[in-house]
Amino acid sequence: GVRDNMDYWADMFVSTGRAVLIVDSHTPRGLDELESWRLVCAGQALSGAERSGDVAVALKTLHDRDDLTGDVILLGASHGGWTAMEFVAHAATGERPAGLSHWPEAPDALLDRVSALVLLYPYCGVLNSAEPTRWEGAPPALFVLAEYDSIVSTPDCIARAESFRADGSEVEIAVLPGADHGFDQQEKSLFSTLVFDAEHRDRARTIVLEFLTSNGLL
């Protein structure tokens, strides 16, 4: 759900002159703290594929505002990174996400507005449907991964990213040495063994800014 790391990344984007929208997929669905930490994080509720419909609605909402112009960068951490990948996969194929009664706009038009993906330690396992055959039209993507991720498989994400790259997509991969899952997040569940690490977070920030700058987005 929405934790302190989303405020951190929002502040980074605001400092570059961009507007920011933080999408809360949990509260409108009535998911409480226990359900968020246990069921959603374990993939037992609100899959990335279902949640990807929220991205489509958010993109439409941004486009309809008169005070905003320009491209959109999608940043997702962990489950949010999985969600961003699922949005691309569904928009590229036109397959409607389970969470939508209908696309709010033509899916290819929504995808065209996304100029880059920043994926922080996303889930890339078998439930993630984003494959090279479902990635056509995807924007440049950056995977920022933790070397010793104890929640998701970093090798799975590297393999997935390299498959996109082999198919001709623009993909960058950065693995933070010594980092674990959620290194940028200070708020943890009660019994979490994950550790916040400001140095890893700062390094990730530098990597993200360099990626965006190299793609002409800053």
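The following exercises with worked solutions concern a predicted model.

**Exercise 1**

Find which elements supply the largest nonpolar core, and which residues have the most contacts inside it.

*Solution.* Step one is the core itself: the largest nonpolar core holds 28 residues. Leu74, Met85, Phe87, Leu117 and Phe143 have the most contacts inside this core. Step two is to assign the core to elements. At least two residues each come from helix 3 (48-63), strand 1 (72-77), helix 4 (79-93), helix 5 (107-112), strand 2 (114-120), strand 3 (141-146) and helix 6 (154-166). Helix 4 gives the largest share, six residues. Step three is to take phenylalanine 143 and list its neighbours, leaving out residues up to four places away in sequence. Phenylalanine 143 touches Met85, Leu119, Pro122, Cys124, Cys157, Ala161, Phe164, Val171, Glu172, Ile173 and Ala174. A second, separate core has 24 residues, among them Tyr121, Leu142, Ala204 and Ile207.

**Exercise 2**

Decide whether aspartate 184 is buried or exposed, and find the side chains with which its side chain makes polar contacts.

*Solution.* First locate the residue: aspartate 184 lies in the loop between strand 4 (171-176) and helix 7 (198-214). Next apply the cut-off. Buried means under 20% relative accessible area, and aspartate 184 has a relative accessibility of 0%, so it counts as buried. Then look for polar partners. The side chain of aspartate 184 makes a polar contact with the side chain of asparagine 5 at 3.3 Å, and another with the side chain of tyrosine 121 at 2.4 Å. Finally, not counting residues up to four places away in sequence, aspartate 184 touches Asp4, Asn5, Trp9, Leu120, Tyr121, Phe196 and Arg201.

**Exercise 3**

Describe tyrosine 121 by its position, its phi and its burial.

*Solution.* Tyrosine 121 sits in the loop between strand 2 and strand 3. Its phi is positive, about 35 degrees, although the residue is not a glycine. With a relative accessible area of 2%, tyrosine 121 is buried. Serine 78 also shows a positive phi in a residue other than glycine, near 60 degrees. Serine 78 belongs to the loop between strand 1 and helix 4.

**Exercise 4**

Classify the packing of helix 1 (residues 4-15) against helix 7.

*Solution.* Start with the geometry: the two helices pack at an angle of about 40 degrees, with their axes 12 Å apart. Helix 1 is therefore oblique to helix 7. The crossing is right-handed.

Notes:
Residues are numbered from 1 along each chain as its sequence is written. This is a predicted model: local features need pLDDT of at least 70, side-chain atom pairs count only at pLDDT 80 or more; totals for chains, interfaces and linings use all residues. Side-chain values use heavy atoms; hydrogens and water are left out. A nonpolar core is a set of buried Ala, Val, Leu, Ile, Met, Phe, Trp, Tyr and Cys residues joined through side-chain atoms within 4.5 Å. Buried means under 20% relative accessible area, exposed over 50%, partly exposed in between (1.4 Å probe, protein chains only). Helices (H or I, at least four residues) and strands (E, at least two) are DSSP runs, numbered from the N terminus. Contact means heavy atoms within 4.5 Å. A polar contact is a pair of N or O atoms within 3.5 Å; within protein, one must be able to donate a hydrogen and the other to accept it, and residues adjacent in sequence count only if both atoms are side-chain atoms. Axes are lines fitted to C-alpha atoms, for helices over the stretch in contact, and angles run from 0 to 180 degrees between N-to-C directions. Angles under 35 degrees count as roughly parallel, over 145 as roughly antiparallel, 65 to 115 as roughly perpendicular and the rest as oblique. A crossing is left-handed if the near helix is turned anticlockwise from the far one by less than a right angle, and right-handed if clockwise.
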